[in-house]
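Student: I should like to understand the terms used for this structure. Please set each value against its definition as we proceed.

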Amino acid sequence: MDTMYAGDGVSEYPEPQPSMPFQATIGAGKVREMWDKGIKSTRVEREQAAVNAQFIRNRHWVYFNRSSGRLEEVPRDAGRVRATVARIGPDSRRIIAKLMRRPLVFQIRPDAPDDVTMRASKIGQAALDQTHDKQRWQAKRLDHANSTWGDGVGALCVEWDPAAGRSVTDPETGQQFKTGDVRVTVVSLHEMAFEPGVREGESARWWIHGVALPPSEVQDMFGLEREPQADARAVDMVHRLHGEHGQHTPLTMVYTYFERPSNDSEGQVLKVVGDQIVEQSEWYFPFDDKLNIALAVVEPIHGRWYGHTPVTDAVQVQALYNASWSSIIEHMKLAGNARLWVPTGSVEDIEELSDTPGEAVEYNVINGARPGYESPPSMPDWWIRQPAMLERAMDDILSIHDVSRGEAPTGVESGVALGILSENDDTPVGAFAQQLGDCWARAATMVLELYEFFVQDSREASVQLGANIPEVISWTGGDLRGQTTVTVSADSVVPRSRAAVQAWAMNMYDRGFITTPQQFAKLADLPDADDMLAGIDPDTARAQRENFHLAVGTARIVDDTDDHQNHIMVHRDFMRSERFEYLDDEIQQMFGLHMQAHEMFAAQQMAAQIEAATANPAAAMLPSTATQVMAVDNMEQAAMMQQMGEAAVADGTGAPFPDDPNMEA
């Protein structure tokens, strides 16, 4: 960059200084040592998380063997019944399904009311939505929710990948390079380590992301001369997580060490494989008050960066539940059948007897004796009721009851009562949902901060509006102008009953608070609302499509068959919205001209009705004199607006405004 101006007015540039390669301040062995200490500090939590993962997958007869350091199956006796009646797995899927019912809605609130700041927040919103769709954040959101629910804590790691993005050719050297892009990775409890005893993970000095990969993939990833050796700790970690036995898959650990700047360090990012550092760089993130990780917990634990999950509490009850059913089934198998008393010698071949119901038995009469059945013993009442009691205990732990499973509780038929019970189940899950939403908001904030810092090339973000109409926005990092603070709408993460919302909307419609199908579809959150509206009110649907097209700068034809009063109302509602305030002045002017066209057509139709009324004796069926006078005024005003529109076109500030019936605004 230029430093000063010389006397002749020519800018002088300093000679480029050769950049010194970055040197790590710690070695590979130190990183592995820090990893070992970090994971040992959460040994108990990771062991329980491994057990929880198996119970969620409906593999219940397992335990963690601390001697071998992995999950093992409970020894099986072939002669005993071992039942698995899954409750944790199905209930967990219901809870996660509630959390995933609605898509994430990112919001960027501008920190100033000026147009430039508002436009910057709109660009950030578009860039986030584009990244969300392109990188399949919805699938990562499901992975993150499942990982957090089973482990008690889950994380999102945000990095800048210089090898991603589109290819660009340098015009001077002809060399191709990538523009780079962000990368968001879901991290489980087994894959992250912090300094032992740290209280806040996101603001800690460092953290390590450890993953186990095939040696050949690691060799190709870092361009190593030979395949790295398989790390035994990687195999143990995978076995602990998945409970695999006898599958000694050769895997290699890859450690990524993130250290943010502090008083005694400038920060660094290191990648370690075996005994060598394969990649190293300085701390390249545009922030130094936090690490590049966002954490979410199910139930916070004071003074700990990890959390607690109800799955841990439900595991013990699920084990007792399985044992109770195993005992009952074993009783049914061994003592549940009626026993046959047979006098010695009365049956010719007793080995031919079976437990088939109604089987005919021939016997020899000995002193008038004959075979007879003994009724099976009855089970104690507490024994029969024990599984039901354990079911209720698990329901209370996981906040899943009959109403959450789609079943009406006994004696409850009122819709309001069912809604209250459903909300009672959703309330504990709502706190967890808010944790997940806040975690994604912090990760999205880091994504925009990286975009603002790294993106110098012009990029395009295509945002889908209503009626599948795309809006393309061109942007660079500088266009964000510091508008990088993201929030996630609570409505997109907190579970809510769609049936309850629809019942509430129907009540509002019956009481007259809402009067149009458009308002009802919006309040009731109906699926395929656009298609439904097009079927029952095609004119309003057409007006909405015009709003979307005009908002992206595409002119729309005003047809004489339109219900112009309805179109004016729909366009006016949109022009009062916040989105309209963010549109460019040219587009807002296009909306105004389009509205003028509808008003002119409405005035012409009213004038035609007035003219017909003068020749029609049925004047009582026509509008009042006041309405007629208003129509004439509207015609005069429309003519004036027509002249203003033509003048705007003449000086280059307006859009075409033809006079024919198929005019285009």
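Student: What makes strand β15 mostly covered?

Tutor: Five of the five residues of β15 are buried. Buried means under 20% relative accessible area, exposed means over 50%, and partly exposed lies in between, with a 1.4 Å probe and protein chains only. On one side of β15 stand Ile293, Leu295 and Val297, on the other Ala294 and Ala296, and all are buried, so both faces count as covered under this cut-off. This is a predicted model, in which local features need pLDDT of at least 70 and side-chain atom pairs count only at pLDDT 80 or more, while totals for chains, interfaces and linings use all residues. Residues are numbered from 1 along each chain as its sequence is written, and side-chain values use heavy atoms, with hydrogens and water left out.

Student: How do you know that Ser324 is buried or exposed?

Tutor: Ser324 has 4% relative accessibility and therefore counts as buried. Its place is in helix α8, residues 310–335. Ser324 touches Gln386, Pro387 and Leu390, not counting residues up to four places away in sequence. Contact here means heavy atoms within 4.5 Å.

Student: What makes a run of residues a helix or a strand?

Tutor: Both are DSSP runs numbered from the N terminus: helices are H or I with at least four residues, and strands are E with at least two. By this count the protein has 18 helices and 22 strands.

Student: How do you know that the span of helix α4 agrees with its number of residues?

Tutor: The expected span of a helix is 1.5 Å times one less than its number of residues. For the 20 residues of α4, residues 115–134, this gives 28 Å, and the end C-alpha atoms are 28 Å apart, so the two values agree. Among the buried residues of α4 are Met118, Ile123, Leu128 and His132. Arg136, with a positive phi near 55°, follows α4.

Student: Why are β6 and β9 called paired strands?

Tutor: Two strands pair if DSSP finds at least two bridges between them. Strand β6, residues 153–161, is joined to β9 by seven bridges, so the pair meets the requirement. These two strands run antiparallel, and Trp160 stands opposite Val182 in β9. Five bridges join β6 to β15, also in the antiparallel sense, with Val297 of β15 as the bridge partner of Val153.

Student: What makes β9 and β15 edge strands?

Tutor: Each of them pairs on one side only: β9 covers 181–187 and β15 covers 293–297. They belong to an open sheet of three strands in the order β9-β6-β15. Neighbouring strands of this sheet are turned by 20° against each other on average, direction ignored. Axes are lines fitted to C-alpha atoms, for helices over the stretch in contact, and angles run from 0 to 180 degrees between N-to-C directions. Helix α5, residues 137–151, lies across β6, β9 and β15 and runs at about 145° to β6.

Student: Why do β10 and β14 stand at the edges of their sheet?

Tutor: The order of this open sheet of five strands is β10-β11-β12-β13-β14, with antiparallel pairing. β10 (192–194) and β14 (276–282) each have a single partner strand, so one side of each is left without a neighbour in the sheet. Strands β11 and β12 pair over eight bridges, and Phe258 in β12 is the bridge partner of Trp207.

Student: What makes a set of residues a nonpolar core?

Tutor: Such a core consists of buried Ala, Val, Leu, Ile, Met, Phe, Trp, Tyr and Cys residues joined through side-chain atoms within 4.5 Å. The largest one has 84 residues, and those with the most contacts inside it include Leu128, Phe194, Trp207 and Trp305. Helix α10, residues 415–454, gives the most to this core, with 14 residues. A second, separate core of 13 residues includes Ala28, Ile39, Ile208 and Val272.
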